[in-house]
Amino acid sequence: MRVLVSCANGSGTSLMLQRSAEKALKELGFKITAINHTSIAEGKSTARNFDVVFTPLNFVNMFDQAIKQGVTVIGIQNVMSAKEVKEKVEKSDLMNKK
């Protein structure tokens with residue numbers, strides 16, 4: 001699975017969310033082949049190359065084009081919560097892509 005984590009500047013928040021997402025996905029049995037964290041600007045243009053995008057809730061609508069192309073986009077409230085990431089993944093279509 002190719003994972004993209006994106007936030008406003010692509011540094012602090014996305015790095016924290018990357019760690020949470022990686023932990024949650026591994027707990028759920030996903031094999032991660034690539035995981036990157038970027039800014040929203042870069043993320044919007046490269047999202048189509050990934051299976052899933054994790055981003056803070058307020059940026060989800062920035063990935064409408066990726067969603068139209070079949071990319072799963074998951075908005076997260078607490079970027080440090082692997083538990084929240086896990087719960088949202090379990091409710092998403094990612095479980096069918098396992």
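## Overall architecture

The protein chain contains four helices and four strands, where helices (H or I, at least four residues) and strands (E, at least two) are DSSP runs numbered from the N terminus. From the N terminus on, these elements follow the order β-α-β-α-β-α-β-α. The model is predicted, so local features need pLDDT of at least 70 and side-chain atom pairs count only at pLDDT 80 or more, while totals for chains, interfaces and linings use all residues. Residues are numbered from 1 along each chain as its sequence is written, and side-chain values use heavy atoms, with hydrogens and water left out.

## Dimensions and burial

Along the principal axes, the C-alpha atoms fill a box of roughly 30 × 25 × 20 Å.

Of the 98 residues, 46% count as buried, a term that denotes under 20% relative accessible area, with exposed meaning over 50% and partly exposed in between (1.4 Å probe, protein chains only).

The four strands form an open sheet in the order 2-1-3-4, with parallel pairing; two strands pair if DSSP finds at least two bridges between them. Strand 2 (34-39) and strand 4 (72-76) stand at the edges with a single partner strand each, so one side of each is left without a neighbour in the sheet. From one strand to the next, the twist averages 20°; axes are lines fitted to C-alpha atoms, for helices over the stretch in contact, and angles run from 0 to 180 degrees between N-to-C directions.

Strand 1 (residues 2-7) pairs with strand 2 in the parallel sense over six bridges. Leu4 has Asn36 of strand 2 as its bridge partner.

## Helix 4 on the sheet

Helix 4 (residues 82-90) packs on the sheet and touches strand 3 (52-56) and strand 4, its direction making about 145° with that of strand 4. Contact here means heavy atoms within 4.5 Å.

Ala82, Glu84, Val85 and Val89 are buried in helix 4. Seen down the helix axis, the buried residues fall within an arc of 160°, so they line one face of helix 4; the arc is that of the directions from the helix axis to the C-beta atoms. Their cover includes helix 1 (12-27), strand 3 and strand 4.

## An exposed loop residue

Asn58 lies in the loop between strand 3 and helix 3 (64-68). Asn58 is exposed, its relative accessible area being 59%.
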